[in-house]
Amino acid sequence: MDAGSRSISSGKNRAAVQRPPLQEAGSRPYMPSLSTRNPSAKCYGDRFIPDRSAMDMDVAHYLLTEGKKDKENAAASPSKEAYRRLLAEKLLNNRTRILAFRNKPPEPENVFAADTVSSHQAKPAKQRRYIPQSAERTLDAPDLVDDYYLNLMDWGSSNVLSIALGDTMYLWDASSGSTSELVTVEEDNGPITSVSWAPDGRHLAIGLNSSDIQLWDTSSSRLLRTLKGVHESRVGSLAWNNNILTTGGMDGRIVNNDVRIRDHAVQTYQGHSQEVCGLKWSGSGQQLASGGNDNLLHIWDVSMASSMPSAGRNQWLHRLEDHTAAVKALAWCPFQSNLLATGGGGSDRCIKFWNTHTGACLNSVDTGSQVCSLLWNKNERELLSSHGFTQNQLTLWKYPSMVKMAELTGHTSRVLFMAQVHSHRHFDSLQILSTC
C-alpha cells in the first residue's frame, strides 16, 4: 500500500491520510465505506480498496507460493507440469487474481470538461455589426464649390451642421431638421472657403476668398468681429484650440489668432511653400498637423511657434515628405494621442499612419482613389475615408489591420467633405456631402 491509503487495523497509517487533496476546494476524494453492511453506498474519487470477505485466502496463499516453487523447480518433469495444469483447471478454475473486489471502480467524472463547456455556452454571441448601405437622409446642396483644397462643412457640438454653398452659410439643425441662413457675404469677399465650429458649439469661424475671417455668434445670428490682415489670399483651412483659432491660407502661412484680444495674430508657423489645405490640432492641444498643396506634412509643437510673424523661421517638429500629392485629409487618433492618419491626393491615393513623437511612418495603404477626408470612430478601432477620383466611395477600415469592413458607393462626384455628429456612437449617422 502507498502512504495515502487507509489500513483497517493501523492507527498510525490512519493519521498519515491527513494531507491536502490534489483537487480544488469543494470536491470530495474517493473514500469507500469500510463496512460491508451498505454495499450500495455511492463511491467518489479514484481510490479503490479490495474487499477481504470476497477473497479465498487458501487459494491466494497457493498462488503466492506456487510461483516461487515454479522458479525453484524450473526443470520439473512433464508429469508434474501436467498435474499443475489439471489442478489449476479443476480446483482453481484458472483463477490468477489474488485480490478480489466487490464492485467495479466508478468511472471518473469529467468535471473540468463540463465546466469548460458550460462557461463557453454562458458567453453571449457577439452580434454582427450592421452597416447600412444606403443614405439615411439626403440634403440638396446647390452651389457647393467643387474645390479639393477647401473645407466647407463642419458639425458642431450643439448638433448643428454648417454648410457653405457659394457665398451663403447655411445651418441645419439635426435635432429638428430645420435649415436657416446665417449670412450671405458680399460678392467681393466670397465665396466662402472654410468653416469651423468653436468647441462651445455656438461660435462659428468663416474663412473667405478675400483673406478675411469672420466670427459669428450663431445663437443670435450676430457678427462678432472680422479678422483682417492675417493672410494675403484665401483662407482654406481653420482649426480651433480652445480660444485660439488657427488659420491656413493660400499664401502658405499658418497663424494662431487669440480671438479674445485686439491684436489677435499671436503666433505663426511657416514651412509650406503652397496653399495650406489641412489643419488639425491634437486632442491634447499640444501638437498641430498641417498639410499643403506642396505635398508636405508638418507636425508643429505649440511651444515652438514664433511670436514674430515676419521672422520666417522654420520651426516644425517634423517635416514629412512621404506623400506625392496634396495632403488635405488629417485625423488624430482618439485612443492613441501620438497617432495621426493622413491622406494624399490623386497622384498619391495613400492613407499613412504616423508616430508624431518620432516622425516615423507606421503604415501606408494604397486606397486606389484620391483621399479627400478621414474620420476616426471614437468608440471602435475604425477609420472612415472618403474619396474622389476615380471611385468616389466611402471606405470603412478596421485598424490596425486595415481590412475593409465596408465600401459605400452612390456618390456621383467626389466626396470632398465629411463631418461626424457628436452624439452618435458609430458611423451610421454621418453627414456626408459631395459635389453633384
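**Exercise 1. How many aromatic pairs does the structure hold, and which type is the pair of phenylalanine 335 and tryptophan 376?**

Step 1. The structure holds 9 aromatic pairs, where rings of Phe, Tyr and Trp (its six-membered ring) pair if their centres lie within 6.5 Å. This is a predicted model, in which local features need pLDDT of at least 70, side-chain atom pairs count only at pLDDT 80 or more, and totals for chains, interfaces and linings use all residues. Residues are numbered from 1 along each chain as its sequence is written, and side-chain values use heavy atoms, with hydrogens and water left out.

Step 2. A pair of aromatic rings is described by the distance of the centres and the angle of the planes. Planes under 30 degrees apart count as stacked, over 60 as edge-to-face and the rest as tilted.

Step 3. For phenylalanine 335 and tryptophan 376, the centres are 5.6 Å apart and the planes make 85°, so the pair is edge-to-face.

Step 4. Phenylalanine 335 sits in the loop between strand S17 (327-332) and strand S18 (339-344), and tryptophan 376 in strand S21 (residues 371-376), so the pair ties together parts 41 residues apart in sequence. Strands here are DSSP runs (E, at least two residues), numbered from the N terminus.

**Exercise 2. Which pair do phenylalanine 335 and tyrosine 399 form, and which residues make up the aromatic cluster?**

Step 1. Phenylalanine 335 and tyrosine 399 form a tilted pair, 6.2 Å centre to centre with 50° between the planes.

Step 2. Tyrosine 399 lies in the loop between strand S23 (394-398) and strand S24 (403-408), while phenylalanine 335 is in the loop between S17 and S18, so this pair ties together parts 64 residues apart in sequence.

Step 3. Phe335, Phe353, Trp376 and Tyr399 form one aromatic cluster.

**Exercise 3. Is each of phenylalanine 335, tryptophan 376 and tyrosine 399 buried or partly exposed?**

Step 1. Buried means under 20% relative accessible area, exposed over 50%, and partly exposed in between (1.4 Å probe, protein chains only).

Step 2. Phenylalanine 335, at 29%, is partly exposed. Tryptophan 376 is buried at 4%, and tyrosine 399 is buried at 13%.

**Exercise 4. How many disulfides does the structure hold, and where is the cysteine sulfur nearest to cysteine 350?**

Step 1. There are 0 disulfides, a disulfide being a pair of cysteine sulfur atoms within 2.5 Å.

Step 2. For cysteine 350, the nearest cysteine sulfur belongs to cysteine 361, 9.1 Å away.

Key: Helices (H or I, at least four residues) and strands (E, at least two) are DSSP runs, numbered from the N terminus.
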